[in-house]
Amino acid sequence: MFERRRIMAALEDAVLAPSIHNSQPWRFRIVGEEVHVSLDASVTPRLVDPSGRWALASIGAVVAGLEIALAARTGHASETTFFPEGTEAPGGPTAGGQAWDGATLAVVRTGDGEPGDASRLAAAMPQRHTTREPLRAGGPTDEEWAFVLESAVPPSGPAARSGLRAERAESALTITLVELTARADAERVDDPAYLAEVQAWIDREGRVGIPHQSAGPADSAHHYPGRDFAQSLSGRAGEAGEKEFEFPPSLLLVTTSEDGPLDQVLGGYGMLRAMLAATSLGLGTGVLGQALEEPASHAAVDAAASGSLGHRAVVHQILRLGHPDQPLSPGHTQRRPVSEVVLR
Ligand SMILES: Cc1cc2nc3c(=O)[nH]c(=O)nc-3n(C[C@H](O)[C@H](O)[C@H](O)COP(=O)(O)O)c2cc1C
């Protein structure tokens with residue numbers, strides 16, 4: 001009973017994890033001292049995520065959050081088994097991430113190793129949010145980069161064994177990634193179905209979706225190609241406004257060398273750990289997803305990253321890091337109560 005209470009408390013923190021359009025597609029089953037984490041694909045947006053990779057990444061993020069929250073509470077590292085039933089999707093190999101609907105994607109339990117940096121990352125959980133504001137007071141220092149890159153992947157365990165890495169984009173790669181993101185964004189911005197889907201996740205009822213205060217301003221200098229959550233078929237919502245963004249941004253890449261379902265889950269896992277480490281240093285953390293959503297632009301990102309990094313890299317996340325020149329507005333995004341996402 002004590003263990004169940006501790007797990008429920010850890011889940012309260014874990015569900016603060018990022019998810020695609022704040023859809024929170026995670027479901028949990030407490031089995032003895034283990035937490036089985038599954039995907040509810042019925043609640044995820046489809047047009048922004050045609051391959052289902054963002055659904056899987058959202059699960060990876062919550063698994064990382066749960067590991068950290070449990071470790072901070074117990075003083076022991078968590079242990080996770082990903083894809084305990086094998087990595088073949090029950091819905092068929094071509095159906096993408098959504099084919100994992102209902103399947104257990106990870107089992108998290110308390111192990112007996114050292115908790116590492118869990119307390120520090122756990123303390124950042126309530127502060128972390130996705131930044132859509134300018135970060136004009138400078139990128140991370142070299143020491144800050146080193147800390148964030150190291151924290152993104154625990155030194156042992158399945159993520160390290162699977163080749164998960166967090167890497168810093170050098171300046172030519174940064175410019176290429178910004179251009180590829182802008183191009184991918186421009187291809188979508190006239191698509192009524194895509195815009196309607198984005199709008200359906202703004203100010204949505206029921207503690208999911210993105211509140212309009214979190215949508216962020218547009219870049220008055222037109223350099224920064226963040227996803228525009230204020231854009232609708234009838235134009236931009238006026239209150240989101242414009243501000244000048246930093247340029248070039250400081251970009252972190254979460255990579256593995258393959259693009260299977262485990263890699264896609266680990267992309268979200270590394271994403272949250274990097275965001276928490278950055279948050280603990282007072283850095284803002286943005287997300288540039290658009291270029292990774294269609295096969296052709298994703299292939300162009302991977303080719304550019306592989307060439308620059310000097311190894312085969314499948315890019316799972318492009319994160320923007322930097323110091324804000326004014327206090328960041330607190331995260332307003334809501335979460336479903338844990339009791340709604342714990343299955344009986
Ligand atoms: C897989 C994934 C992809 C995301 N892609 C984007 C994106 O392209 N642009 C963006 O602004 N936010 C993106 N986000 C951030 C989510 O919108 C955000 O996590 C969610 O609204 C909850 O807000 P919070 O992170 O502030 O808690 C992404 C999050 C995840 C997990």
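This report covers the ligand site, the cavities and pockets, and some local features of a predicted model.

**Ligand site**

The shell around the ligand holds 21 residues. Arg128, Thr130, Arg132, Arg227 and Arg335 come nearest. By class, the shell splits into eight nonpolar, nine polar and four charged residues. Helix H2, residues 53-74, gives the most to this shell, with three residues.

| Residue | Protein atom | Distance to a ligand oxygen atom |
|---|---|---|
| Arg128 | N or O atom in the side chain | 2.8 Å |
| Gly289 | backbone N or O atom | 3.0 Å |
| Arg335 | polar side-chain atom | 2.7 Å |

Arg128 and Arg335 also belong to the group of nearest residues. Arg335 reaches a ligand oxygen atom through its side chain, at 2.7 Å. The protein buries 98% of the 620 Å² that the ligand exposes when taken alone.

**Cavities**

How many cavities of 30 Å³ or more are there? The count comes to three. About 50 Å³ of space lies in the largest cavity.

Its lining consists of Asp185, Val189, Tyr194, Leu195, Val198, Arg227, Asp228 and Gln231. By class, that lining has four nonpolar, one polar and three charged residues. Helix H7, residues 192-200, supplies the largest share, three residues.

**Second largest pocket**

The second largest pocket has a volume of about 510 Å³. It is lined by 27 residues, and Ala77, Pro154, Pro155, Ser156 and Arg273 are the closest to its centre. The lining has 14 nonpolar, seven polar and six charged residues.

Which elements each supply at least two residues of this lining? They are H2, E3, helix H3 (118-124), helix H4 (142-151), helix H5 (158-161) and helix H8 (261-280). Strand E3 provides the largest share, four residues.

**Aromatic pairs**

The whole structure contains three aromatic pairs. One of them joins Phe83 and Trp100; the ring planes meet at 70°, so this pair counts as edge-to-face. The ring centres of Phe83 and Trp100 are 4.8 Å apart. The pair links distant parts of the chain, with Phe83 and Trp100 17 residues apart. Both residues sit in the loop between strand E3 (78-82) and strand E4 (104-110).

**Backbone features**

Two loops carry backbone features of note here. The first topic is a peptide bond. Phe247 and Pro248 are joined by a cis peptide bond, with omega about -5°. Pro248 lies in the loop between strand E9 (242-243) and strand E10 (250-256).

The other topic is a phi angle. Is phi of Asn22 positive or negative? The value is positive, near 55°, in a residue other than glycine. Asn22 is found in the loop between helix H1 (2-14) and strand E1 (26-31).

Technical notes
Residues numbered from 1 in each chain as written. Predicted model: local features only at pLDDT ≥ 70, side-chain atom pairs only at ≥ 80, totals over all residues. Heavy atoms only, no water. Near = heavy atom within 4 Å. Polar contact = N/O pair within 3.5 Å; in protein donor to acceptor, adjacent residues only side chain to side chain. Areas by Shrake-Rupley, 256 points an atom, 1.4 Å probe, with all protein chains shown as cover. Nonpolar A, V, L, I, M, F, W, Y, C, P; charged D, E, K, R; others polar. 1 Å grid on protein atoms, 1.4 Å probe; cavity = no way out; pocket = protein on both sides within 12 Å on 5 of 7 lines; lining within 4 Å. Points joined across faces, edges and corners; volume = space filled by probe spheres on them. Phe/Tyr/Trp six-rings, centres within 6.5 Å; stacked < 30°, edge-to-face > 60°.
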